[in-house]
Structure formats: structure tokens, C-alpha cells
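Student: Could we go through this structure together? I would like to begin with the terms.
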Amino acid sequence: MKHTELLVKAQNQLDQLNTRERKLVTWGGTLALVLIGWFVLIEPAMVTIQQAPANQAALVDKAGQVMRAALDLEALRGARSRVVVPESDLQTRLQQLLDEQGIAEQASLVRTEEGDIRVEFKKVSASGFLAWMSRAEAISSLQLNLAEVEKVEAGVLSGYVTLLPGTSGSMGKSSR
């Protein structure tokens, strides 16, 4: 109802004007609508269309930079430095890593009869376990042999990891 009342009011005001004033108001309103249409709708659209090739080229260049950075990051991950720890200090170093990650109380570290190092975890935080595992894998004289880990609850793991001590440092290859 407000729109119709407003339209009726405007029509009444226009009817009170003489012919010359009515033409002036009509032409002025038309010019105002054309200018608003130009500056609000048409000009921004034209600028966007004109700049589209440059924007697209910049986006493609940016995507290429991101892909190169991702490849560089992957190369750096693959070439991470290896820590050399004498075999006699392996258990001590692994225990230190457990302490550093705050999971030493929920983990037990033992040497098996075969000479392997077995680390058992009971309800440890997943982030602590993964951080410990990453640091343990960086030791060049250790090789991951077996890992059995299960999720106990959200963010909590239990299980064990068996590591093979040796001087080869060839991670990922299992001799058993």
C-alpha cells in the first residue's frame, strides 16, 4: 500500500506543475536514471570485462606459483635430514623423544629377544604419537618394521611399534 500511496502522491505533485515544468521534471528524471544506470550497472561491467584477461592471467600465474611451492614443499619433505644416533644410545634417544612429546607415561620401551625395539602405547594422544613417530623415523639407524595402532576414542590411540636398529638407515624396507 505504501508504494501505491507514494505513486499517487507523486502523480498529484506532477499534475500541479505546468507543462513546461512537467517536461523539465520528466527529462531530468530520465537523465538521472540514465546516469545512475551507467555508473552503477554498465560502467562496472565494462571495466570487469576489460580487465578479465589480465585478471585471469594473474590467477593462472598465482596458481602456478602455488603448484611450484607445493612441489618444493614435497621435495623438502622427502629430503628431510636424518639424525645419526649410535645403536647403543637408541633406546635412550627414543625414551627422550617420548618424554618430549609428553607420552612417556603411557608408553613402554623394551628390547625384544631378536634385538628389535618395541614401543607399546596405551591411550596416548594421536598428535603426540604422530609427532614421536615423525621424530623416530628421522633417526637414520632405525627402520620401521611393524606398527599396529588403533583408535580408542577421538584423538586417542593404543598399539605398538616395532623398530629395527641397524646401520643401513633404509627406511621403508622391511627385512622381516
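Tutor: Buried means under 20% relative accessible area, exposed means over 50%, and partly exposed lies in between, with a 1.4 Å probe and protein chains only. This is a predicted model, in which local features need pLDDT of at least 70 and side-chain atom pairs count only at pLDDT 80 or more, while totals for chains, interfaces and linings use all residues. Residues are numbered from 1 along each chain as its sequence is written, and side-chain values use heavy atoms, with hydrogens and water left out.

Student: Is glutamate 100 buried, partly exposed or exposed?
Tutor: Glutamate 100 counts as partly exposed because its relative accessibility is 45%. Glutamate 100 also forms a salt bridge with arginine 93, with the closest N and O atoms 3.6 Å apart. A salt bridge here is a side-chain nitrogen of Lys or Arg within 4 Å of a carboxyl oxygen of Asp or Glu.

Student: Which residues are linked with Glu100 in a network of salt bridges?
Tutor: The network links Arg93, Glu100 and Arg135.

Student: How many salt bridges are found in the whole structure?
Tutor: The search finds 4. Among them, glutamate 120 pairs with arginine 118, the closest N and O atoms being 2.9 Å apart. Glutamate 120 also meets lysine 122, at 3.9 Å from N to O. Glutamate 120 is partly exposed at 26%, arginine 118 is partly exposed at 25%, and lysine 122 is exposed at 54%.

Student: Turning to the sheet, what is the strand order?
Tutor: The sheet is open and has 4 strands in the order β1-β2-β4-β3, paired antiparallel. Two strands pair if DSSP finds at least two bridges between them. Helices (H or I, at least four residues) and strands (E, at least two) are DSSP runs, numbered from the N terminus.

Student: How many bridges join β2 to β4?
Tutor: Strand β2 (residues 117–125) is joined to β4 (residues 156–165) by 7 bridges, in antiparallel fashion. Phenylalanine 121 has glycine 159 as its bridge partner in β4, and valine 124 has leucine 157.

Student: And what lies between β1 and β2?
Tutor: They form a hairpin with 5 residues between them, and glycine 115 in the turn has a positive phi of about 95°. β1 and β2 pair over 5 bridges, and leucine 109 has valine 119 as its bridge partner in β2.

Student: Which residues touch the most other members of the largest nonpolar core?
Tutor: Leu94, Leu98, Ile117, Val119, Phe121 and Trp132 do so, in a core of 23 residues. A nonpolar core is a set of buried Ala, Val, Leu, Ile, Met, Phe, Trp, Tyr and Cys residues joined through side-chain atoms within 4.5 Å. α4 gives the most to this core, with 5 residues.
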